Amino acid sequence: MDIADYDVVVLGSGLAGLMSTYVIASAGYKVAVISKVFPTRSHSAAAEGGIAAYIPGNSDPNDNPDYMTYDTVKGGDYLVDQDAAELLSNESGNIVMLLESWGALFNRQPDGRVAVRYFGGQTYPRTRFIGDKTGMGLLHTLFERVSGLDKVDFYNEWFALDFVTDSNRIVGVLALQMKDMEPVFFRSKAVVVATGGMGMLYRHTTNSYINTGDGYAMALRAGAAIKDPEFVQFHPTALYPSDVLISEAARGEGAILRNAKGERFMTRYAPKKLDLAPRDIVSRAIFTEVKEGRGFPGGYVVLDLTHLGEEYIKERLALAVEAAKSFAGIDAITEPIPVRPAQHYYMGGIDVDITGRNPDIVGLFAAGEAACVSVHGANRLGSNSLLETLVFGRETGKHVVEFLKNAQEPQSQYQNETEKLLDDAYRFVKSESGVHFGEIVNKLRDVMWDYVGVFRDEGGLKNALSEINELRDMAGKMYVTDKSKVYNTEFFNALELRNMLDLALVITTSALERKESRGAHYRTDYPERDDDHWLKHTIAYLRGNTVEVTYKPVRMTRWKPEPRVY
Amino acid sequence: MSVQTYEVIFRIRRYSPEKGSYWQEYKLTVDRFTQFTEALRRIKTEQDPSLAYRASCHMAVCGSCGMKINGEPRLACKTLVSGIINKYGSNVITIEPMDYFPVIKDLIVDWEDFYTRMFKVKPRLYPAKEVLEGKGEHRLKPEDQRRLWKFAQCIWCGLCVSVCPVIREDPEFLGPAAHAKGYRFLTDPRDTITDERFKILSDSAWRCTYCYHCFSVCPRDIEPVTAIKKTRALTKYVKEPTNVTFNGVKHSEAIAGSIKTTGKIMESLVYLQTYGLSRSLKDLIFIAKAGRGGSLISSILEEKPVKNVSEIKKLFEG
């Protein structure tokens, strides 16, 4: 097997991965960026509405970073590590201006400064935006910047199989080039996991097809913990029926949710913030309306933009208009858009602190949606994910540089380990019969949506667990019909399914254990938040087929839990 | 919402080095909202897991899923199956990989050539040192933001390159997407390497034939050809124009002059004014040697000004 030597391997080429790469390579270290897709095709591109930032001198005069931290902490239902939220707020202004200086085309005020708009859960407007393709605009800008650096090698359309470790220390990553399926051992002192989310675990998701949670599962198999795995965000306004995201920017700009009777139903659920209440609250409100017979046939409500005026809508919400037109045949300027909740974001992730460092494995770092810095707690606020990728991508990069200064050269005892990991992967290709990945993956997505979705209860979660275990057994006998050695997507889909099944088990077990409702985790059998017993992070390990769940305290600085009313 | 469904036969052009090239058919029931990416996903997970294609965001921002649907270059995600059925009045639909790019497997093509073109235009802002050091801050007029954002929305899908006739013939032409990207930085008031950008873009811009294929297929309405036109319009700022640029400008001027004085494009006059007498004569001899001299000369002799030329002059001077 070929060996490639680097100081650091960054897995994933979205905003978090590229930001870390920028910092590490700028410090003079050699970085390999490994990605399943060409960087601009990463899921960061799909982020629409904006990036939250308190910019001194260019924010509401009454606003300050503490309000921003408070909004984030409250939005996350107090499961937020407050040191992380403070860092996020304090760095928000300068990270946005950094991307601006690299060419990002933020919408402008008449005087040429960066413009701003409201998003859900914000006390004052803080969302900076590039039309409603903010993620795409930022991703291209950052990729353009990083692609000009000397110390970076991009391995685009390479599939990472597993970390290679030696007594709980990273020694590298095993990856295959998708085009020719040749395995290479990337020997490195550190790995930054920035592989994004896992929306493909759910039947309905706004996520890209590539979001199969690979990084989480690689971390689990290597012995690292996933923190707060039960917290999965469902975005209230995915287009019915194709699940294309209609940005929260629509409601930020004044769009109104209505049920089949034409009622502005959010008055019942969030009398003050109304349509701009946090996502978990709005998603539950929509499904409650549907369940109680006030939805449209098929199970949706509508998002009404029509009162905003054609010109305003076209300039600020172009993508929403385009999506409604292309994917539902609706003219959003004159007709309300049909919407329902869909999986959107994963608050859980590889357990790291504000330095991006994982405590279980030396040399393992994570950033962005793949990580759980605990900045979003039990529910992420809109506009905070782009911000997190950049702020914590940068923080992680800085701490990787610190780590590298004293890191030992990786040992050469990798041969057996890499061969074994490769054999594990190829087991799927070698079987001559059995079920193929598609049958299992479609069942898994149904199970997760039906039982581990917006509303959960003990019976459903137990049912999900037994189904997932059955699917894991089936996957053991999975086979790959395509034996080709060229761009064998079936083989990679099978490996993605292995990752999805590992994570599904961890999510469901942790959801069953947490006997309260907090943020996006809503148990109909335990509908109240229970700070006395559950104001703590779940820490989950995967040991073979068993999930080991422990807990650790939430880091509080200045904000005491209070009832979460909007 | 209607629950009308359609029985569709997808004829997919498949390829692998082991099996070569062949057509395969799949039957699938879809509804009026089914995107092609979803149809492909269902074929792959429900019928034939070996089918290879690229798809990621399913909302037309990642540029992964360019392919030919009934011969039209399109993003699979931005195309509804029902739309194609209605357009062509048939439930049999063909899907093929994009043209121009070498096929790797089924619908997956090799993008290397496309990326090389994009990186040739230095696709990144080179801001002032003060700004990079945090000592200064950019301001950007809202109208500049809007103008640049139009061209910055290119998602690198490659559809425009797959249909461009010039890149197949002229190795010096950068291609439509690269020109859109290049123009976006060329006219960004925050950029500092304008002369270098002119050097990269100007010559290539004059190699485009204005066929407008890129304009028609772009799923983001970038209008690469508009970027090329606007780049040409800035030629007067080019410090060292190449022969192609020089002749291009003269050609434009000759066309304008011909229309102004005769009301039409007098081909021979335009040629003469663009390339000068000696080159024109040389070319005439070349064409005569090829046995095409007679028809050329008769077409030249038939060129006459339109009536009421004075009206056209008025328009020009208007």
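Into which domains is chain A divided by the domain assignment? In this predicted model, the assignment for chain A gives domain 1, made up of residues 2-231 together with 345-404, domain 2, covering 237-342, and domain 3, covering 415-553. Between domain 2 of chain A and domain 3 of chain A, the C-alpha centres are separated by 31 Å, and the contact between these two domains draws on five residues from domain 2 of chain A and five residues from domain 3 of chain A. On the side of domain 2 of chain A that touches domain 3 of chain A, the greatest contribution comes from helix α8 of chain A (residues 279-291), which supplies four residues.

Most peptide bonds are trans, and most residues other than glycine have a negative phi. In chain A, the peptide bond that leads from Y240(A) to P241(A) is cis, its omega being near 0 degrees, and P241(A) is placed in the loop that runs between β12 (232-239) and α6 (249-252) of chain A.

In chain B, a positive phi is found at D106(B), a residue other than glycine, with a value near 45 degrees; D106(B) belongs to the loop between β6 (103-105) and β7 (108-109) of chain B. Because 26 other C-beta atoms lie within 10 Å, where 20 or more are required, D106(B) is classed as buried. A positive phi of about 50 degrees is likewise found at K122(B), which is not a glycine, and K122(B) is located in the loop between α3 (112-120) and α4 (129-132) of chain B.

Helix packing in chain B is illustrated by one pair. Helix α8 of chain B (residues 176-186) and helix α9 of chain B (residues 194-205) pack at an angle of about 145 degrees, and their axes are 10 Å apart; the crossing of α8(B) and α9(B) is left-handed. From α8(B), the residues H179(B), G182(B), F185(B) and L186(B) meet T194(B), R197(B), I200(B), L201(B), S204(B) and A205(B) of α9(B). The residues in this contact of α8(B) with α9(B) consist of five nonpolar, four polar and one charged.

Technical notes: Residues numbered from 1 in each chain as written. Chains lettered and ligands numbered in written order. Predicted model: local features only at pLDDT ≥ 70, side-chain atom pairs only at ≥ 80, totals over all residues. Helix = DSSP H or I, 4+ residues; strand = E, 2+ residues; numbered from the N terminus. Buried ≥ 20, exposed ≤ 12 C-beta atoms within 10 Å, placed from the backbone. Domains from an automatic or database assignment. Contact = placed C-beta atoms within 7 Å. Axes fitted to C-alpha atoms, helices over the stretch in contact; angles between N-to-C directions. Left-handed = near helix turned anticlockwise from the far one by under 90°. Nonpolar A, V, L, I, M, F, W, Y, C, P; charged D, E, K, R; others polar.
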